[in-house]
Amino acid sequence: MAASPSTARAINDRLALRLLQQEGPLTAGQLKQLTGLSRPTVADLVERLTAAGLIEVAGEARAQRRGPNAKLYGIVAGRAHLAALDVRTEGVALVVSDLVGGVLAEASLPIADDTGTGPAVEQAVALVERTAKEAGADRLHTVGIGAPGLIDPATGELRDSTGLPQWHRRLVAVLQERLPEARVSVENETNLAALAEQRDGAARDRDTFVLLWLGHGTGAAVILDGTLRRGASGGTGEIGFLPVPGTRGLPSATDCAGGFHSLAGAAAVAQLATECGVVPEPGSDPEAAGAVRAAVAARGSAAHTRFLDTLADRVAVGVASVVALLDPGCVVLGGEIGQAGGEALSARVHDRLTAMSPLPVEVRPSTLGGGAVLRGALLTARDHAQDELFGVPGH
């Protein structure tokens, strides 16, 4: 069945807007070439999108002949403002951007462990409001939040989790109350990091891979055939609870001590560094990432080599389980520790996997590191806003 004229126009408009998002400002001639549409159809959609306030003239192409054909059209970046938050146990990081993802303001705020739920939420919300004002955003269209813990697949809400601050869950609700016109959504931090690595980082050429997050905590995100997999209860990738050899005891339903977390979490890696005599680079957060960077920089040192070898042994135990179950073909070592280890750690883990598993797998270091969560939250917020605003232009 042929598409109706209105449906065809909407499809063409979305195609043009997607190209403008990916390629930047384009002339009508370039849009014609990239879309395969006729010149009159392109002229019609340009007029329609301009009237809808979605695109505007953004300059002129460098051409021998100037005039209407040289006009560059771009998305109206100021049509909507977005916010992205990376909510951690110890604080909040925030960016405010325009509709195409251009960062307008950034801020961060530490929140002490002994801060009560109410004061912590108020501090975080005030940071969002203040930063949005500094960015010149009268209102926020979409807010994307990355946080540790499980997301309920039925409601999209952050579930209560033992060991995580209560203010995390309350923050989402209060932001929605204080920003009633905004769409506020929350996603697991490791899932967002994986989406960022797929779009802008180490996995841009992969539609199936696993991101292993190595930071203050451990986690994994699974992307199969281009789709993020969350599991029946939203718990796909809770690898910190994975029972592994080399720990004392077993994890429980309320505590991942004794699981993979006890081998590869930041506290365990920092303890390993102390045992090996590795001194972390000063000012590192987490300290374990500073120890890994110091070990990578100290090439040839017996103590530093022993530290990296032992760390690779530990990481490979967890990765081997993931590879045996999912056969992802590629594992990205993310988070601050994964990025700090770089090729030195990734190559070691790969060597161990080659000896442990018959399944071929690449092991790559993250190119985004700890910033991947915030980047993923911003990309998700941008996608949500564009899906809404670009849905049926002119209608």
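This is a predicted model: local features need pLDDT of at least 70, side-chain atom pairs count only at pLDDT 80 or more; totals for chains, interfaces and linings use all residues.

Residues are numbered from 1 along each chain as its sequence is written, and side-chain values use heavy atoms, with hydrogens and water left out.

Let me begin with strand S6, residues 142–147. Helices (H or I, at least four residues) and strands (E, at least two) are DSSP runs, numbered from the N terminus. Six of the six residues of S6 are buried, so the strand is largely enclosed by the rest of the structure. Buried here means under 20% relative accessible area, with exposed over 50% and partly exposed in between, using a 1.4 Å probe and protein chains only. Both faces are covered: Thr142, Gly144 and Gly146 are buried on one side, and Val143, Ile145 and Ala147 on the other.

Which strands pair with S6? Pairing requires that DSSP finds at least two bridges between two strands. S3 runs parallel to S6 and is joined to it by five bridges; Ala84, for instance, has Gly144 as its bridge partner in S6. S7 is also parallel to S6, with six bridges between them, and Val143 has Val184 as its bridge partner in S7.

I turn now to helix H5. Its 13 residues, 166–178, should span 18 Å at 1.5 Å a residue, and its end C-alpha atoms are 19 Å apart, which agrees. The expected span is 1.5 Å times one less than the number of residues. Trp167, His168, Leu171, Val172, Val174 and Leu175 are buried in this helix. An α-helix has 3.6 residues a turn, so residues three or four places apart point the same way. The cover over the buried residues of H5 includes strands S3, S4, S6 and S7, together with helix H4. Contact, in this talk, means heavy atoms within 4.5 Å.

Next, the pockets. On a 1 Å grid over the protein atoms alone, a pocket is an open set of points where a 1.4 Å probe fits, with protein on both sides within 12 Å along at least five of seven lines; lining residues have an atom within 4 Å of a point. The largest pocket holds about 930 Å³ of space. Of its 34 lining residues, Pro148, Gly149, Leu164, Glu238 and Cys256 lie nearest the centre. Strand S9 gives the most to this lining, with three residues.

The second largest pocket holds about 310 Å³. It is lined by 13 residues, of which Arg18, Gln21, Arg199, Asp383 and Gln386 lie nearest its centre. Helices H1, H6 and H12 each give two or more residues to this lining, and H12 gives the most, with six.

Finally, two residues. Gln21 lies in helix H1 and is buried, with a relative accessible area of 18%. Leaving aside neighbours within four places in sequence, Gln21 is in contact with Ile75, Leu99, Val100, Arg382 and Gln386. Thr380 lies in helix H12 and counts as buried at 18% relative accessibility. With neighbours within four places in sequence again left aside, Thr380 is in contact with Leu192 and Leu195.

Terms used. Grid points are joined across faces, edges and corners, and a volume is the space filled by probe spheres set on the points.
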